[in-house]
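I opened the file today and kept notes as I went. The entries below follow the order in which I looked things up.

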Amino acid sequence: MSEIRLSIDGAGVAVPEGSSILDACRSVGKDQPTLCYLETLTPVNTCRVCVVEVTGSRTLVPSCSRTAEDGMEISTESENVRQTRKMVFEFLASSVDLSLVDAPTRTWMEHYEVDATRYGPPAPAAAPGGRDSRRAGHHRLPGLGTAETVHQPVKVHDELYVRDYGKCILCYRCVEACGPDAQNTFAIQLAGRGFDARISTEFDVVLTDSACVYCGNCIGVCPTGALMFRSEFELRAADLWDEGAQTVTRTVCSFCGVGCNLDLHVQDNRIVKVTSPRDHSITWGNLCIKGRFGYEYVQDLGDLATTPIDVVLASVREGGANGGRNRPPTR
Ligand code: SF4
Ligand code: SF4
Ligand code: FES
C-alpha cells in the first residue's frame, strides 16, 4: 500500500493511503476526542467532537471519517477547533446525563473547560412516554431560565437490559450495531426530528413486542451507559456496583460451535455482565442472546444466596428489585 504525507499541527506525518485523519493523528500519538466513532462500526459523523481544521476547507471536518489526503495541512489545536469541541460537549452535557461516560471523554471535557451550567439548570424530566409521543415540528420551549434536556424515566421492560434515554447522545452506534454493521435486525431506529429526536422501536412498542432478538450488541457499543444490563442497573441502584472489585475472565461460549470469546465480569463471586473483545476477528465484540445473557446456569445458587449482590439479583429474577425501593420510575 502506498503512503501519503501530510502535516498535523506543523509536523510531517506519513500514513498508508486510505487512512482517516483520526488514524493519522493517532499514529503519531495525537489522540482526538470521539463519541460516535467506534472502530468496529461505519462512521456516521453525528457527534462532531472529533472535528479538525484542514487548510483550504470551508468548514471543520470530522477526523473520524474524513480520509487523509496527500499534502493536507491539519490543525487539531486551533481556536476554532477548541471552541467547537467545547460547545459540542457543553450542548451535550447540558441536555444529557453524561455521568457514565468513559474516563478519556471526561478528561477531554476537563481539557476544554466544559461548563454546561452556563445554559441554566436542567428543565424537569419528561413524564413517562412524554418524549416518545412528541410530534415532529411541534417543539416546545423549556421553562424560563432552564436548559432543555432529554431526561425521562428509564425503560425497564424485561430482565435482560434497560434503556435509560436520559443518557442518550444520539450517537447512532446502537442503530448501526442492530442494523447493517452487525446484527441486521433493525429493531431500533431514530424517530422524531430536532430536539425531539430519539431512539425508538417500530411504533414505539415495548422492546419485548419489537423485532429485538436480545443479542445485546447495542449495549456493547453504547458509550454513555444509556443501554445497560439489568443486573448492572439494579446493582447501581442499590449502590453495590463496584468495578474496582470486579475481575474479567475470558472464556469461550459453550452454547455452539462458533466459539465466540466471552469476557465474564465477576463481582462478589457472581457474573454481573458479559462482554466480548472488540479485537476478535470472528465476533468484533458482538454476541447472540445465549452468549450475552445465558450465564445463569453457571451460578444458580438457589437458596444459598448469601451476599447483597445475590439478594439484589435474585429479586431481579423474580421481577422485583429491592422491593422496588431503589428503582427509578419506569414506563
Ligand atoms: S438487543 Fe440486539 S436486536 Fe435488540 S435492539 Fe439491541 S442490537 Fe437490536
Ligand atoms: S442509546 Fe447509546 S448507543 Fe444508542 S444512540 Fe443513544 S448513546 Fe448512542
Ligand atoms: S467521533 Fe467523529 S463525528 Fe463523532
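How many residues of domain 1 are in contact with residues of domain 2? I noted first that this is a predicted model. Then I looked up the domain assignment, which gives domain 1 as 3–81 and domain 2 as 131–135 + 145–324. I found 10 residues of domain 1 in contact with 13 residues of domain 2. On the domain 1 side of that contact, I listed six nonpolar residues, three polar and one charged. The C-alpha centres of the two domains lie 32 Å apart.

Next entry: the ligands. Around ligand 1 I found 13 residues, of which Cys178, Thr185, Cys212, Cys215 and Cys218 come nearest. Helix H4 (173–178) and helix H5 (217–221) each supply at least two residues of this shell. By class, I wrote down nine nonpolar, four polar and no charged residues for ligand 1.

Around ligand 2 I also found 13 residues, and the nearest are Cys168, Cys171, Cys174, Cys222 and Ala226. The shell around ligand 2 has 11 nonpolar residues, one polar and one charged.

Last entry: a sheet. I traced three strands in an open, antiparallel sheet with the order E6-E7-E10. Strand E6 (155–156) and strand E10 (227–229) are the edges, each pairing on one side only. I saw two bridges between E6 and strand E7 (residues 161–163), and Val156 stands opposite Val162 in E7. Helix H6 (residues 230–237) packs on this sheet and touches E7 and E10. I noted an angle of about 85 degrees between the directions of H6 and E10.

Definitions and conventions:
Residues numbered from 1 in each chain as written. Chains lettered and ligands numbered in written order. Predicted model: local features only at pLDDT ≥ 70, side-chain atom pairs only at ≥ 80, totals over all residues. Near = placed C-beta within 6 Å. Nonpolar A, V, L, I, M, F, W, Y, C, P; charged D, E, K, R; others polar. Helix = DSSP H or I, 4+ residues; strand = E, 2+ residues; numbered from the N terminus. Domains from an automatic or database assignment. Contact = placed C-beta atoms within 7 Å. Pairing = 2+ DSSP bridges. Axes fitted to C-alpha atoms, helices over the stretch in contact; angles between N-to-C directions.
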